[in-house]
Amino acid sequence: MSVVTLLTDFGDEDAYVAEMKGVILGIVEDVRIVDISHKVTPYSIDEGAFLLLTAVPYFPKGTVHVAVVDPGVGTSRRGIVVETEVCTFVGPDNGLLIPAAKRCGVFRVFEITSTGYMLPSKTHTFHGRDVFAPVAAYIAKGVDVEEIGRRIEDYVDFDFNFVVKNEKIISKVLHVDRFGNVVIGVNDDFVVKRFRYGEKIRFLVKGREYVAPFLKSYGFVEKNELLLTVGGTGFLEVSVNQGSAAEKLDVEVGEVFTLFL
Amino acid sequence: MSVVTLLTDFGDEDAYVAEMKGVILGIVEDVRIVDISHKVTPYSIDEGAFLLLTAVPYFPKGTVHVAVVDPGVGTSRRGIVVETEVCTFVGPDNGLLIPAAKRCGVFRVFEITSTGYMLPSKTHTFHGRDVFAPVAAYIAKGVDVEEIGRRIEDYVDFDFNFVVKNEKIISKVLHVDRFGNVVIGVNDDFVVKRFRYGEKIRFLVKGREYVAPFLKSYGFVEKNELLLTVGGTGFLEVSVNQGSAAEKLDVEVGEVFTLFL
Amino acid sequence: MSVVTLLTDFGDEDAYVAEMKGVILGIVEDVRIVDISHKVTPYSIDEGAFLLLTAVPYFPKGTVHVAVVDPGVGTSRRGIVVETEVCTFVGPDNGLLIPAAKRCGVFRVFEITSTGYMLPSKTHTFHGRDVFAPVAAYIAKGVDVEEIGRRIEDYVDFDFNFVVKNEKIISKVLHVDRFGNVVIGVNDDFVVKRFRYGEKIRFLVKGREYVAPFLKSYGFVEKNELLLTVGGTGFLEVSVNQGSAAEKLDVEVGEVFTLFL
């Protein structure tokens with residue numbers, strides 16, 4: 001039994017995701033297909049890369065992750081497979097797959113070149129269904145990556161970075177989740193080293209300053225109060241207990257975010 | 001083969017639900033995972049309990065139902081497993097699981113105590129992934145509930161009640177579905193005993209009175225006309241043929257609803 | 001292993017779709033259930049038929065497709081099974097299944113008559129769960145269609161048509177997808193015969209005229225520019241590179257659309 005995951009910006013009104021699943025099930029029977037999310041902001045490679053990065057550690061060894069946020073589809077951008085020791089990624093060569101691959105350790109990148117593993121009716125607008133889904137299915141079935149493409153080194157690289165200088169951490173809003181939790185591009189390793197639970201932290205966003213406690217969970221402040229925590233994503237979050245931090249701070253994905261040390 | 005269902009208020013923009021599925025598939029291979037709904041109004045234990053209650057009878061014997069609407073996560077609220085003769089429930093001890101468990105007959109409640117069935121990296125904010133998903137997967141795999149926790153009697157109890165007095169039935173709006181059908185907390189057994197098909201029923205909501213016929217289905221009134229029926233949920237519904245009763249009555253979940261006998 | 005797909009206008013807030021899945025899994029174990037879409041505009045048989053038509057070719061031989069867009073549920077409209085050489089359809093007799101069935105070649109229509117393949121607790125309002133889901137599960141399990149119903153010829157027929165006259169193609173907007181791509185009811189066979197890539201095409205919608213190039217993919221025009229292409233659906237689309245054509249043209253499903261030859 002193998003697992004294939006799907007992450008796209010296709011939404012769920014259309015039949016696009018279902019077509020990818022149909023293609024996969026036509027190639028490999030003994031597979032579990034799991035949706036990571038299809039609600040990535042259209043064309044937002046950053047948000048797609050973030051969601052993929054956070055989800056990947058929870059999947060079993062050998063999972064094949066297909067991710068499609070692909071503004072360059074139909075042009076000369078390449079399709080790639082990224083092979084790591086624990087899982088495999090399939091998608092466009094635009095940075096989307098790289099942060100998740102790095103989290104898995106050593107990785108190798110292959111350009112998809114062999115048309116034998118694509119749909120014969122390949123279109124110019126929908127490589128998710130015509131290229132990435134069948135390639136993932138063949139990998140899940142046991143086909144060797146070296147059969148499907150050729151090793152490349154000049155793939156499009158991508159990282160979530162934060163900068164520490166002058167007693168400040170400068171980062172960005174990576175994601176706003178359903179509850180209005182505002183995810184900041186600072187990971188838990190760094191956070192836990194720098195801050196203690198209960199400590200009050202000062203931060204700046206959209207020209208306004210705030211102070212909030214760093215806590216283990218939402219329930220440790222009163223309803224509607226602001227806090228910082230390490231959320232389920234493994235990144236620092238600004239949250240409001242039973243409320244929306246995104247509304248309270250009036251921020252969206254991409255906003256610059258400064259923490260004072 | 002076993003079935004695990006998931007009901008949460010996590011929405012579908014984030015990777016949270018996928019992470020739960022990844023965890024489950026890493027523990028038990030031969031499983032079908034079914035989403036009941038992830039669109040429960042955030043923190044609404046009532047609505048979550050209602051949706052779980054209505055869905056459960058349609059799943060095969062042995063299904064494990066994970067439900068997470070959990071405003072108290074990370075505080076001292078307990079995690080529980082509820083075992084019935086036909087299925088098992090896993091989730092927070094806040095009432096969410098209890099109406100569905102009662103519908104299944106005799107049940108026993110266990111507090112989840114053994115950390116051996118949780119993720120080693122258990123966070124303080126996401127017990128859905130770190131506690132409830134793995135516990136459900138181990139149960140689906142055949143681990144005995146008594147291995148996972150200890151029997152308790154002081155769980156948080158919860159019921160959907162309606163009151164009959166002075167020729168009135170006083171109840172509440174439990175749910176508004178996609179079609180604008182307004183579900184009232186009066187179950188079909190009671191409705192079928194009290195009302196005949198074709199009978200006109202008078203009711204009061206938000207200070208306004210209405211009269212509508214009790215019918216077998218929507219199609220028996222003209223387009224845009226009001227009716228009462230026993231919907232797919234097994235509860236009384238106020239509906240509008242090919243229209244929205246919620247808009248027509250201007251009501252939301254929680255509104256008091258009075259029927260005249 | 002068999003595949004069952006589900007297409008409905010039930011949305012994803014409620015437990016309705018999950019109940020259908022529970023029923024199916026209670027009847028047939030070795031099945032993969034795939035959601036095509038549950039976001040069909042409520043009661044829009046046209047849009048449901050279009051989405052089913054586009055998705056079906058991508059599923060493996062033997063797939064059973066359940067589709068429920070069913071304003072007449074509970075009245076005398078019949079339930080049908082449509083058998084083709086590559087797959088089977090189950091749903092209401094209101095035209096919904098027919099365009100997809102025609103795409104699969106020769107087909108035979110059966111009225112569902114045998115109550116032995118329905119839920120014993122069949123309601124008047126939810127045949128998706130009580131009739132179509134169990135019938136589909138029994139077919140997936142190998143039950144012969146002739147056991148379930150009787151052959152009929154007077155089913156409700158339905159087609160997506162376009163008209164060519166006086167150097168014009170007159171058609172309709174069938175669907176607007178998540179990206180704002182506007183799908184026109186003119187199929188790729190016709191388009192590829194009549195237009196060359198790079199050719200500029202003049203069209204009229206809502207009283208306004210536009211000219212846009214017919215291209216292989218979105219990326220061949222500048223950001224925010226209009227183009228025509230054959231999208232992933234196999235139909236002609238009006239698109240805007242990294243933007244919404246539906247907003248630019250201010251159109252919705254059902255709008256008349258004229259192309260000049």
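Mentor: In chain C, an open sheet of 7 strands with mixed pairing has the order β2-β1-β3-β5-β4-β6-β7. Strands (E, at least two residues) and helices (H or I, at least four residues) are DSSP runs, numbered from the N terminus, and two strands pair if DSSP finds at least two bridges between them. This is a predicted model, where local features need pLDDT of at least 70, side-chain atom pairs count only at pLDDT 80 or more, and totals for chains, interfaces and linings use all residues. Residues are numbered from 1 along each chain as its sequence is written, chains are lettered from A and ligands numbered from 1 in the order in which they are written, and side-chain values use heavy atoms, with hydrogens and water left out.

Trainee: Which strands stand at the edges in chain C?

Mentor: β2 (31-37) and β7 (149-152) of chain C do. Each has a single partner strand, so one side of each is left without a neighbour in the sheet.

Trainee: And in what sense do β4 and β6 of chain C pair?

Mentor: Antiparallel, over 5 bridges, with β4 at residues 79-84 and β6 at residues 107-112 of chain C. Glu83(C) has Arg108(C) as its bridge partner in β6(C).

Trainee: Which helix of chain A packs on this sheet?

Mentor: Helix α1 (residues 16-27) of chain A, which touches β1 (2-8) and β2 of chain C. Contact means heavy atoms within 4.5 Å. The direction of this helix makes about 155° with that of β2(C); axes are lines fitted to C-alpha atoms, for helices over the stretch in contact, and angles run from 0 to 180 degrees between N-to-C directions.

Trainee: Switching to chain B, how many residues of β5 are buried?

Mentor: 5 of the 5 residues in β5 (residues 88-92) of chain B. Buried means under 20% relative accessible area (1.4 Å probe, protein chains only).

Trainee: What joins β3 to β5 in chain B?

Mentor: 3 bridges, and the two strands run parallel. His65(B) has Phe89(B) as its bridge partner in β5(B). β4(B) and β5(B) form a hairpin with 3 residues between them.

Trainee: What rotation superposes chain B on chain A?

Mentor: One of 120°, with 0.0 Å of shift along its axis (RMSD 0.0 Å). That is the relation of a three-fold axis. Copies are superposed by least squares on the C-alpha atoms of residues with pLDDT of at least 70 in both.

Trainee: Why do the copies meet through different surfaces?

Mentor: Because only 9% of the interface residues of chain B are also interface residues in chain A.

Terms used: Buried < 20%, exposed > 50% of the residue type's maximum accessible area, 1.4 Å probe, protein only.
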